[in-house]
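Me: I'd like to learn how to read a few features off a model. Can we go through one together?

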Amino acid sequence: MPRERANIRGVPLSLVAVVSLAGCTGQQGAMCTLSDMDSGVSVVWRPTDFKGSGGATIRVCVDGSCEERASGDPSDPIGMASVRLPQDIGGKKLPVELTVTPVKGGGVVTDTAQAQLTEQRPNGPNCEPVAWVARFRADPVKGLVSAEGFSLQGDQP
């Protein structure tokens, strides 16, 4: 009998260990992971899109705050510039400005759009943090386009 009691006592401790490793407990008993996420607007691109111009400098401004990045080596699969926003900004619409300046000269591409921030919960429903995000794609000719369907393999039909 003492052996059975030891096994029974060990079960609750094992469950506690598993629960604590899985993350925090959110509202209504939901299991939450521990991922972090910042609010912001990001612009993604494939560096190969800018290969013909010798690369480019990509500048993204959102509501007056800016980030600037080189388009990157064409062998890189993805490039990104992200402008962080206050974590509690909410579902606002914000102006986004894109400037693409080719390294070898040529035409500078400028574009503007309105970013509709949407709620993201990386750890699941009812779990923190809540981030407000929008995402675009930088096109070397068209400027800001939707990032929906963005693929690293090239343009999709």
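Me: Let's start with R59: is R59 buried, partly exposed or exposed?
Reply: Buried means under 20% relative accessible area, exposed means over 50%, and partly exposed is in between (1.4 Å probe, protein chains only). R59 sits at 36% relative accessibility, so R59 counts as partly exposed. Keep in mind that this is a predicted model, where local features need pLDDT of at least 70, side-chain atom pairs count only at pLDDT 80 or more, and totals for chains, interfaces and linings use all residues. Residues are numbered from 1 along each chain as its sequence is written, and side-chain values use heavy atoms, with hydrogens and water left out.

Me: Which residue forms a salt bridge with R59?
Reply: For a salt bridge, look for a side-chain nitrogen of Lys or Arg within 4 Å of a carboxyl oxygen of Asp or Glu. Here R59 pairs with E68, and their closest N and O atoms are 3.5 Å apart. E68 is partly exposed, at 44% relative accessible area.

Me: What about R46 and D49, buried or partly exposed?
Reply: One of each: R46 is buried at 5% relative accessibility, while D49 is partly exposed at 22%. The closest N and O atoms of that pair are 3.5 Å apart.

Me: How many salt bridges are there by this rule?
Reply: The count is six. Another of them joins R84 and D38, at 3.4 Å from N to O. R84 is in strand 6 (residues 79-84) and D38 is in the loop between strand 2 (31-32) and strand 3 (40-45), so this pair ties together parts 46 residues apart in sequence.

Me: How do I read the strands and their pairing?
Reply: Strands of a sheet pair through backbone hydrogen bonds, either parallel or antiparallel. Helices (H or I, at least four residues) and strands (E, at least two) are DSSP runs numbered from the N terminus, and two strands pair if DSSP finds at least two bridges between them. This chain has one helix and 11 strands. Four strands make an open sheet in the order 5-4-7-8, with antiparallel pairing. Its edges are strand 5 (65-70) and strand 8, each pairing on one side only.
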